[in-house]
Structures are given as C-alpha cells and as structure tokens.
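Okay, everyone, thanks for coming. Let me put the structure up and then walk you through a few spots.

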Amino acid sequence: MRKNRNKLIFIAIAVALGLYFLYPTYQDYQMMNSMKGLRGEDSLQFVEQHEDDIREYRARRIKLGLDLQGGMRVVLEVNVVKLLEDLAKNKDDVYAQIIQGVRDEAKRSEESAVILLRRKFEERKIRLSRYYGNLRDTDDEITAFLEDESKKAIDRAMEIVRNRVDQYGVSEPSIQKLGGSRIIVELPGVSKEAEVRQLLQGTALLEFKLLKDADVTYKVMEAIDKALVAAGVGDTLTADIARADTDTAAIPTPEGELSPEEFAEKHPFFAIALVDPQRSPGEALVAEENKEKIRRILEREDIKRLIPQDMRFQWSAKPRVVSEGRKYYTLYPVRAGAELTGGVIVNARATIDPNYNQPIVTMEMNSEGSREWARITGANINKRIAIVLDNAVFSAPVVRNKITGGNSQIEGMENLDEARLLEIVLKAGALPAPVDIVEQRSVGPSLGEDSIRSGLLSSGLATLLTLIFMILYYRTGGGVADLALVFCLLFLLAILAGFHGTLTLPGIAGIILTLAVAVDANVLIYERIREELGTGKTLRAAIDAGYEKAFSAIFDSNLTTFITGVILYQFGTGPVQGFALTLMIGIAASMFSAIFITRVIFEILTEKYGPAISFG
C-alpha cells in the first residue's frame with residue numbers, strides 16, 4: 001500500500017477534479033427540475049432569486065448540441081459573385097457574360113469566385129483592369145484586392161450576424177466560418193423560422209446618434225433610483241449582495257459611508273449601474289452578470305415613464321472595461337432619433353496614425369453625407385456621437401471640430417483589432433453581399449428530449465451489458481475493469497465540461513465506442529495474464545508480464561484511432577466533429593483508467609488477497 005501511496009493520491013486528485021468539473025452540470029440539472037414545477041410569478045421570482053447561480057452553472061455545465069436540446073442550425077453563404085459584380089465599373093455585355101459564367105461555375109466548383117473570375121478573363125484575353133482598379137494595375141494586384149474585399153465581406157457579414165444574434169437574446173449561440181464563403185449559425189432553443197430568416201438576412205441599421213447631456217442623464221438615473229427604492233427593489237438587491245462574495249469596503253456617499261448592503265438598499269440602481277458623477281455622469285458601467293437586471297429595470301412600465309421621449313439607453317456591443325476578470329458593459333444614454341444613417345458611408349479603413357503611432361479609423365462619406373456631417377459636427381463640437389449598429393453602440397468618439405469634405409478620423413481605439421472591428425461596423429450599413437440560406441434544420445425541444453432519453457437508455461444498456469459480461473467472464477479482473485469503466489466515463493464527461501465541449505447525439509455514440517475500447521484494452525491484458533499463468537508463473541509475475549506485453553498492442557491501436565479522430569475533427573463538420581471530440585477524449589481517458597488505475601488496484605489486491613484473485 002505504501003509504495004502505491006503517490007499513485008493513489010494522484011488518482012484521488014483526478015477523481016476530485018472530475019467531480020468538481022461535473023458539479024455545475026448536476027446543479028444546473030437540479031435548477032431546471034425546480035423551475036419545471038413553477039409557473040408565472042413563481043417562476044420569475046425563482047429566476048430573480050437564483051439568477052447568479054443559474055448563470056454560473058449554465059456557463060460551466062456540459063453544453064448540449066442542438067440535436068439534444070432543440071433549436072435551429074442555419075448555414076449561410078455570402079454571395080461573393082454579387083460582391084464582385086458590385087465592385088466592377090464600366091460594365092457592358094462582355095462583362096455580363098463573364099460574370100454569368102462565373103456564377104454558373106461557382107455552383108459546381110470549390111474554388112473561390114475571384115479565381116474563377118480571373119480565369120474567365122484570361123480565357124478571353126482581357127485584363128482585369130478594364131473593369132476593376134486602375135488601368136495601370138496588374139492582374140495580380142487586382143486579384144489580391146478582390147480577394148481581400150471578399151474576405152472583408154465575409155468578416156463583415158459574420159460581425160453583423162453575431163451582433164444580431166446577441167441582440168436577439170439567444171443563449172449559447174455558435175457562429176463560425178466554414179470554408180471561404182459560408183457561415184454556420186447554431187441557435188439553441190429557437191424555433192421561429194420566419195424570425196430567424198429575417199434576423200439573418202435583413203438589412204443592418206447603422207446610425208450616428210448624439211449622446212444626451214450628462215446633467216440630464218444623471219437626473220434621469222437619480223429618478224430611476226428613487227423609484228426603485230419606493231417600489232422596494234432595494235430589499236431584493238440587498239439580499240443578493242449579502243449572498244454574493246463582494247467587496248465589504250464602505251462606500252462614501254453624501255449621506256455618509258455606507259456598507260454595500262446599505263448602499264444597495266438606498267440606491268438599488270447605482271449599486272449595479274456604476275456612475276462617476278465627476279468623470280462620466282452620462283454613462284454607466286454594468287457588470288456582465290448584472291446586465292439582465294438592468295434590462296428588466298428599464299422595461300418596467302413605471303421606469304419607462306421617467307425616461308424622456310427623446311432619450312434611449314443602449315448597450316455597448318462589447319465589454320469596454322475588464323477589471324479583476326470581470327467584464328463590464330457601458331450603458332449609453334443616446335438621443336432617440338439618429339442624426340445620420342450608414343447609407344452615406346462609401347468607405348472606411350483602419351490604420352495607424354503615423355504622427356502618434358495610435359490606431360485610427362478613417363471614414364469617407366458621399367456628397368449628401370458630407371453636407372449633413374459638416375452641419376452635425378459643427379453644431380456639436382466637444383460632444384460625443386455614438387456609432388450604433390442594430391441598437392448596439394460600437395464607439396462614441398468626441399467631436400473635436402467641424403468636419404468638412406466628408407473625410408473623418410476616429411481615434412480612441414485601444415489596439416488595431418478594435419480599429420478593424422469599427423471599420424467593419426462602419427461598412428456594415430447593409431450586409432456587404434447577399435446572404436443565402438443554403439441549409440436550415442430545426443430540432444424541436446420534444447425531439448431533443450427524446451434524443452437524450454434514447455441516448456441515455458442506449459448508453460446505459462450498453463454499459464450494463466458490458467459490466468455484467470466482464471464480471472461473469474473474468475471474475476475479479478472483470479470487477480476491476482468495470483470500476484475502471486466508471487472512472488473512464490467520469491473523466492470523459494469532466495473533460496467535456498472543463499473545456500466547454502459540446503455533447504451531441506453522435507457524441508453519445510462516441511462515448512459508447514469509447515467504453516468498448518476501454519474494455520478491449522482490459523481484455524487484451526487479461527488474456528495475456530491468463531497465458532502467463534498457464535506457463536506456471538506466480539500471480540504477481542503474470543500480472544506484470546500481462547501489462548508489459550499487452551501495452552504495445554493497446555497503445556498502437558489507441559494511437560491510430562486517436563489520429564483518425566483528429567482527422568475527423570479537423571475536416572468534419574457538425575455531427576462528425578461531435579463524434580470525433582468524444583472519441584479522442586474517451587481514448588485518453590480509457591488509457592489512463594484501463595492501464596494505470598487497474599494496475600494500481602491489482603498491486604493493492606495482490607498484496608492483501610494474493611491467490612484469491614481470479615481472471616476467469
């Protein structure tokens with residue numbers, strides 16, 4: 001026992017970590033069961049009381065794929081051919097024939113539309129500069145320009161789709177690029193197909209809105225704060241803060257120093273919407289976990305009556321401040337009406353200011369926009385204008401002076417990546433090219449529940465039959481193998497939860513296959529042990545020889561299977577990736593449990609029981 005002490009400690013730590021990572025999944029399951037029996041006000045009250053716990057458990061649980069929890073999977077394709085057509089100049093009948101040929105061939109070819117376009121031009125011995133760029137540009141230069149515009153168009157489409165999905169309020173959405181022109185969007189829990197089509201294919205709305213004066217905004221926030229106190233909201237918030245592990249330092253106020261609980265009771269709005277009256281009284285910082293609380297407060301009918309008709313509160317698109325690992329969103333007070341829309345923008349570019357070595361974005365408007373922009377900026381010097389895309393604020397720069405000629409420069413970005421994001425937003429008054437839905441699948445929640453039930457039943461039945469067979473055939477060795485199987489399943493699910501993996505229906509199939517692989521490893525070991533016992537070796541010597549001689553075969557077979565899983569995960573999509581992910585994790589877990597853990601158990605058993613151990 002003593003010589004295995006370190007190994008036992010290692011195994012105990014691994015098991016403890018596994019249970020730690022699976023605990024949020026268990027708690028989330030318990031929360032959902034508790035909510036199923038509640039209706040109406042009771043359900044809303046339960047959510048408000050346990051909002052932080054629900055969010056935490058939901059973020060750390062094993063995520064379920066659409067086939068298990070229901071929702072929609074949509075594959076979008078950006079029409080790059082239409083983008084190339086829009087970028088062309090001096091279009092004539094010859095160009096119309098070329099672009100039609102590209103459009104037809106793009107339906108059957110995997111090559112990019114830009115490569116197909118260049119090939120069509122070369123076949124007709126026509127230079128690309130006849131319709132693109134300048135006459136002096138070479139075909140290589142124009143091809144590089146068109147490739148870059150195509151990539152930017154897809155990035156812009158992804159940003160617009162991501163922003164719309166976030167505004168729609170879908171929890172745990174998945175948005176990823178597939179190939180050169182497709183975007184996969186997975187929306188758990190969504191079933192309204194018409195709304196999703198409009199959401200993903202509609203025109204984006206880019207607006208420039210002035211921020212409200214700071215003194216007016218602060219008075220509105222004070223009125224909201226007092227109304228919440230009168231409605232007794234402070235009592236609920238105080239209980240939430242008392243339960244949370246928050247800073248206990250006193251908060252200075254005109255009423256004297258207050259504890260966090262006292263401050264929340266007397267100022268429930270300012271307790272979660274952080275405002276600095278001296279520096280930025282016109283906007284508030286809200287921690288990510290409190291964003292939903294503020295949204296519910298602003299939707300209350302008694303609060304809506306306190307907000308002027310020409311004023312709106314809108315969120316920043318991304319967290320603007322990160323403090324001690326916490327993300328904060330900015331709540332901007334903007335005028336209800338837009339001063340200008342994005343239709344007037346003809347170009348935007350992220351670059352580095354050569355004078356100050358800081359990231360900037362240059363913006364160019366058409367003649368109509370230039371006139372309006374000069375009027376707006378001239379009348380609002382030293383005020384801030386919010387750049388709003390689909391009701392989310394991406395930036396709120398200060399107007400330094402009157403801007404004429406339609407060329408503007410936006411400063412204040414932290415890095416070039418943020419500047420590029422703003423470039424994408426400014427160009428996104430509408431989707432950069434038509435987006436077609438090439439595939440759409442819906443899974444109802446009842447079908448998802450049936451899938452879970454069927455998957456659990458098949459997994460449980462397969463595991464039970466395997467356990468019974470191993471005990472009947474290998475006796476003591478079978479019992480140890482069964483214990484290793486339980487450990488293998490624990491580690492597999494824990495790794496899925498710890499690395500935020502997604503469990504799908506094919507993933508359950510991968511788990512079943514993993515259990516078979518784990519048992520197969522023990523079968524190889526036990527058969528070698530039986531052979532060694534047949535030659536007259538002692539039990540201890542036979543076990544050592546069995547593990548040593550079977551290891552190479554087990555390692556080789558698992559390695560080749562793991563490589564296959566890597567290839568499937570790298571080149572597969574959707575269900576194939578779900579299967580490959582659980583297969584790879586399962587192989588690693590089975591190697592640890594079937595070889596390492598069982599070896600330790602047998603070393604302990606041989607010390608205590610000796611010849612009583614049987615391998616059938």
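**A few spots to look at**

So, start with Asn90: its relative accessibility is 59%, and because anything over 50% counts as exposed, Asn90 is exposed. Keep in mind that what you see is a predicted model. Where does Asn90 sit? You'll find Asn90 in the loop that runs between α5 (80-87) and α6 (93-106). Now the backbone: phi of Asn90 is positive, near 55 degrees, and this isn't a glycine. As a reminder, most residues other than glycine have a negative phi.

What's the strand order? Going across, you get β13-β5-β16-β17, an open sheet of 4 strands with antiparallel pairing. On the edges are β13 (340-341) and β17 (392-395), each pairing on one side only. Zoom in on β16, residues 385-389: β16 pairs with β17 over 3 bridges, in the antiparallel sense.

Last stop, the surface. There's a nonpolar patch formed by Phe551, Phe555, Leu559, Ile563, Ile567 and Phe571, and together they have about 610 Å² of accessible area. Take Leu559, which belongs to helix α21 (residues 539-571). Buried, exposed or in between? Leu559 has a relative accessible area of 39%, so we call it partly exposed.

Notes. Residues are numbered from 1 along each chain as its sequence is written. This is a predicted model: local features need pLDDT of at least 70, side-chain atom pairs count only at pLDDT 80 or more; totals for chains, interfaces and linings use all residues. Side-chain values use heavy atoms; hydrogens and water are left out. Two strands pair if DSSP finds at least two bridges between them. Helices (H or I, at least four residues) and strands (E, at least two) are DSSP runs, numbered from the N terminus. Patches are made of residues with over 30% relative accessible area and no salt bridge: like charges are joined within 9 Å, nonpolar side chains (Val, Leu, Ile, Met, Phe, Trp, Tyr) within 5 Å. Accessible areas come from the Shrake-Rupley method with a 1.4 Å probe; for residues, only the protein chains shown count as cover. A salt bridge is a side-chain nitrogen of Lys or Arg within 4 Å of a carboxyl oxygen of Asp or Glu. Buried means under 20% relative accessible area, exposed over 50%, partly exposed in between (1.4 Å probe, protein chains only).
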